[in-house]
Amino acid sequence: MPTDLFAKPKNMYVQQARQLGVYPYFHELESRQDTEVIMEGKRRIMLGSNNYLGLTVHPRVIAAGVQALQTFGSGCSGSRFLNGTLSLHTQLERELAGFLHKEAVMTFSTGFQSNLGIISAICGKDDYILSDKENHASIYDGCKLSYAKMLRYRHNDMEELERRLQQVPDTAGCLIVTDGVFSMGGDICNLPEIVRLAKKYGARVMVDDAHGLGVIGEGGRGTASYYGLEDEVDIIMGTFSKSLASIGGFMAASEEVVDYVRHASRPYIFCASIPPASCATALEALHILMEQPELPARLCALAKHMREGLRARGISIRESDTPIIPIYTYDALNTLTVAKELYDEGVYVNPVLPPATHPSECLLRTSYMATHTEALLDEALDIIERVVLRHVAE
């Protein structure tokens, strides 16, 4: 008799956390996604959102969504390939391509789907994909869906990347794919060296800029702009669910590559298109970013203020130059306990546990918005100092 399909091993952290009353997931939000929220009946300072520019509550963004809902209705009821392409979709793609200095852009219904759709269309069973070990889960799944041979290299280890490139047969196509800003650590990929190695070995380069768009680079144009390498990166992927305050994702590349993916990507062809309101809010958020290029600089200044405050209080952090600041809490139980106590005292953060980290290097992932204030961050710092140091000392 076959094994029961549902007889799966239980997640040890989930079971333990529930038993100890420190289960950290699925807290209910009862207000808008902002610097301060109401979550389960209490005010919390939000240090766990990817709403980097704070635009989810911007009056213009909200008004654009309402207008699109009234004009186009609630949904498209079809894929972009057939009846689901709106003038809003093509306008967003055209303007985003101009902003990123690329020939063309195509949009997907989610960021996760974007990586699935891009990688599985570009790469096939006879190709090779070289992937940083700390890349996002959607990249891993895109590699699986492509049936290409995936070779991982140690995080930001360019010597190992070159050794992996040397393993690729001359007859195979090769894609190097990396996060631009890594979502857990907040550090930035070594794009200059990746580009150099790609040229040396004839590979193509794809950057997942989900956490780079609106955060780094000239006016928030992302990792390629940050390094002055916009013309050297073949594919830029990004999302609308972070800096652009909506839902969806995109690929920016040459017109030839985008046209190919439009006609070859199953996750694109067989999925309903971005709803009108979501498309309009992303477009208006892009307009605000274009009009206010100082927003990413303000965001980085606030992140610097927070890093300096954490260091001054003796709190161990993983260094970065982005608004993602991980605080070391080391073991899993300690991490869950600290996250729960911070939540109870009015600060929301995200615990990061294995397999996302090494068992002895668990983290509290904190992230910031351009609409935070120094006063609000100082209030959060006082709470973090009181809770974290108490448990780290133990």
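The following legends describe close-up views of a predicted model.

Local features are reported where pLDDT is at least 70 and side-chain atom pairs at pLDDT 80 or more, whereas totals for chains, interfaces and linings use all residues. Residues are numbered from 1 along each chain as its sequence is written, and side-chain values use heavy atoms, with hydrogens and water left out.

**View 1. The largest nonpolar core and a separate core.**
The largest nonpolar core comprises 63 residues. A nonpolar core is a set of buried Ala, Val, Leu, Ile, Met, Phe, Trp, Tyr and Cys residues joined through side-chain atoms within 4.5 Å; buried means under 20% relative accessible area, exposed over 50%, and partly exposed in between, with a 1.4 Å probe and protein chains only. Leu130, Leu161, Ile176, Leu191, Ile194 and Phe250 have the most contacts inside this core. Helix H11 gives the most to the core, with eight residues. Helices (H or I, at least four residues) and strands (E, at least two) are DSSP runs numbered from the N terminus. Another core, of 24 residues, lies apart from the largest one and has Leu310, Ile325, Val387 and Val388 among its members.

**View 2. The surroundings of Leu130.**
Residues up to four places away in sequence are not counted in this view. Leu130 touches Leu151, Tyr153, Leu161, Arg164, Leu165, Val168, Cys174, Leu175, Ile176 and Val177, where contact means heavy atoms within 4.5 Å.

**View 3. Packing of helix H2 against helix H11.**
Two packed helices are described by the angle between their axes and the distance between the axes. Helix H2 (residues 59-72) packs with H11 at an angle of about 145°, and their axes are 8 Å apart. Axes are lines fitted to C-alpha atoms, for helices over the stretch in contact, and angles run from 0 to 180 degrees between N-to-C directions. The crossing of H2 and H11 is right-handed; a crossing is left-handed if the near helix is turned anticlockwise from the far one by less than a right angle, and right-handed if clockwise. From H2, the residues Arg60, Val61, Ala64, Gly65, Ala68 and Phe72 meet Pro276, Ala277, Ala280, Thr281, Glu284, Ala285, His287, Ile288 and Glu291 of H11. By class, this contact of H2 with H11 has nine nonpolar, three polar and three charged residues. Ala, Val, Leu, Ile, Met, Phe, Trp, Tyr, Cys and Pro count as nonpolar, Asp, Glu, Lys and Arg as charged, and the others, Gly among them, as polar.

**View 4. Packing of helix H4 against helix H5.**
The axes of helix H4 (residues 111-122) and helix H5 (residues 137-146) come within 8 Å and cross at roughly 35°. H4 passes H5 in a right-handed crossing. H4 contributes Phe112, Asn115, Leu116, Ile119 and Ser120 to the contact, and H5 contributes Ala137, Ser138, Ile139, Asp141, Gly142, Cys143, Leu145 and Ser146. The residues of this contact between H4 and H5 divide into seven nonpolar, five polar and one charged.

The structure holds 23 salt bridges, each defined as a side-chain nitrogen of Lys or Arg within 4 Å of a carboxyl oxygen of Asp or Glu. Arg154, Asp157, Glu160 and Arg164 are linked in a network of such bridges. Within helix H6 (residues 158-166), Glu160 and Arg164 lie four residues apart, about one turn of the helix. The closest N and O atoms of this pair are 3.9 Å apart. Glu160 counts as buried at 9% relative accessibility, while Arg164 counts as partly exposed at 23%.

**View 5. The salt bridge between Lys199 and Glu232.**
The side chains of Lys199 and Glu232 meet at 2.9 Å, N to O. Lys199 lies in helix H7 (residues 191-201) and Glu232 in the loop between helix H8 (223-226) and strand E8 (235-239), so the pair ties together parts 33 residues apart in sequence. Lys199 is exposed at 58% relative accessibility, and Glu232 is partly exposed at 30%.

**View 6. The salt bridge between Arg298 and Glu374.**
The side chains of Arg298 and Glu374 form a salt bridge of 2.9 Å, N to O. Arg298 belongs to helix H12 (residues 295-312) and Glu374 to helix H14 (residues 374-393), so the bridge ties together parts that are 76 residues apart in sequence.
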